[in-house]
Amino acid sequence: MDLLAKLAPIAERHARIKALGSDAVGVVNEKLLSPTRAIIDGRETILAGTNNYMGITFDAECIAAGQKALAEYGTGTTGSRIANGSFALHRDLEREFAAFLDRKHCIVFTTGYQANLGMMSGLAGPRDTIYLDADSHSSIYDGCTLSGAKLVRFRHNDAADLDKRLARGEADEGGGRLVVLEGIYSMMGDRAPLADFIAVKKKHGFQLLVDEAHSFGVLGPHGRGLADEAGLEKDVDFVVGTFSKSVGAIGGFGAGDHPYFEMLRYAMRPYMFTASSSPASIATSIAAIRKLAAEPQRRRKLAENSARLFHGFRDLGLELGCNEVSPVVAVRCPDEPSTIAMWNALLKAGVYVNIALPPGTPNKLCLLRCSVSAAHSDADIDRIIELFGAVVAQGHGKKVVNG
């Protein structure tokens, strides 16, 4: 049997998507003009689906830091830190992250996906149980699988359901228990009700990890994420995140205060057997972290832009992913064909957003997902709202409107 025969349904679905217009899952940015502008299909397009929350990718100081590291350290590390050792830059970045997060320890990974693979599989093993929000990111699920731990899902953002499942499992559990939440969930833009989960933690005594991938740099008075915003950082045992959002680079991190935390380096296969991050990426990340600490106005502007888009869409009557303002603003659509049609109309009109379809979405929803940037101007946000309104008025998204 042909090993790739099982991909025929995916190929057929991809062909149907392409037949409806541009390739919604294969967009090419022909030229980047800024954090919020690119040339796509020969047209200048507003980028509203990049996760570039802090708008830092074109920052002159970050670019200069990367260029300097490229000249001084070369193009790559050619091996893992366990095998080849660390560059001074790796340790510098871990110290910068630990200080920013107000944590004793930090481990840097080559990608954000790898950070979750490593942390889940390093923290938990076959004798342990991981309690997982049902809407968790694929990297968290894959990390749980790699760990060999027993996996128990609880209903999304439902602390009471977690409480019941913990009570039900206590009699036959012999190992440790890890509960995993996300600061901002990447598809719908909603937050975990952290205080509710902390109350359950105090009752049952598990260890808690929060994935702050979409909330790091975004939420809280210090930009450390949901736990910072909620004032509950001391009740969170471990934090995980990525560089690919607010930091504008490639990489990931895990952080915590446990005295054995550094020993995770020797227990995480994804860390031990992956080449470490390139010097240029590490250097730009160091510069970005310093800039995020020194420029809180980026967070303020992001919050203003997020609220402007959220309420603008609400005024259009669009059905949104959640009722919370965050940099992720998702518009619910009735089915795959109408979602693709609306996405194509928006792209032709000059705005790029993410198209999110099952199985990559919760509850089999079809979404048009916007991610707001601090680099968007008020005029950018207003133009995005205007174009969404025009597309709906043209009939591409009639069923998208509430009522």
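Two strands pair if DSSP finds at least two bridges between them. Helices (H or I, at least four residues) and strands (E, at least two) are DSSP runs, numbered from the N terminus. By these rules, three bridges join β13 to β14 (residues 366–371), and the two strands run antiparallel.

The model is predicted: local features need pLDDT of at least 70, side-chain atom pairs count only at pLDDT 80 or more, and totals for chains, interfaces and linings use all residues. Residues are numbered from 1 along each chain as its sequence is written, and side-chain values use heavy atoms, with hydrogens and water left out.

**Sheet and packed helices**

- Three strands form an open sheet in the order β11-β14-β13, with antiparallel pairing.
- β11 (328–333) and β13 (354–356) are the edge strands, each pairing on one side only.
- Neighbouring strands of this sheet are turned by 25° against each other on average, direction ignored.
- N354 has R369 in β14 as its bridge partner.
- Helix α12 (residues 297–316) lies across β11 and β14, at about 20° to β11; axes are lines fitted to C-alpha atoms, for helices over the stretch in contact, and angles run from 0 to 180 degrees between N-to-C directions.
- Helix α13 (residues 336–349) packs on the sheet and touches β11, β13 and β14; contact means heavy atoms within 4.5 Å.
- The direction of α13 makes about 30° with that of β14.

**Salt bridges**

- The whole structure holds 30 salt bridges, each a side-chain nitrogen of Lys or Arg within 4 Å of a carboxyl oxygen of Asp or Glu.
- D59 and R298 form one at 3.4 Å, N to O.
- D59 sits in the loop between β3 (43–47) and α2 (60–73) and R298 in α12, so the pair ties together parts 239 residues apart in sequence.
- Both D59 and R298 are buried; buried means under 20% relative accessible area, exposed over 50%, partly exposed in between (1.4 Å probe, protein chains only).
- R308 and D378 meet at 3.8 Å, N to O.
- R308 is in helix α12 and D378 in helix α14 (residues 378–393), 70 residues apart.
- Salt bridges that share partners join D59, E61, K291, E295 and R298 into one network.

**D128**

- D128 lies in the loop between α5 (112–123) and β5 (129–133).
- D128 is buried yet has no salt bridge; R127, the nearest side chain of opposite charge, is 5.2 Å away.
- Lys and Arg count as positive and Asp and Glu as negative; His and the chain ends are not counted.
- The side chain of D128 reaches the backbone nitrogen of G125 at 2.8 Å.

Methods
Polar contact = N/O pair within 3.5 Å; in protein donor to acceptor, adjacent residues only side chain to side chain.
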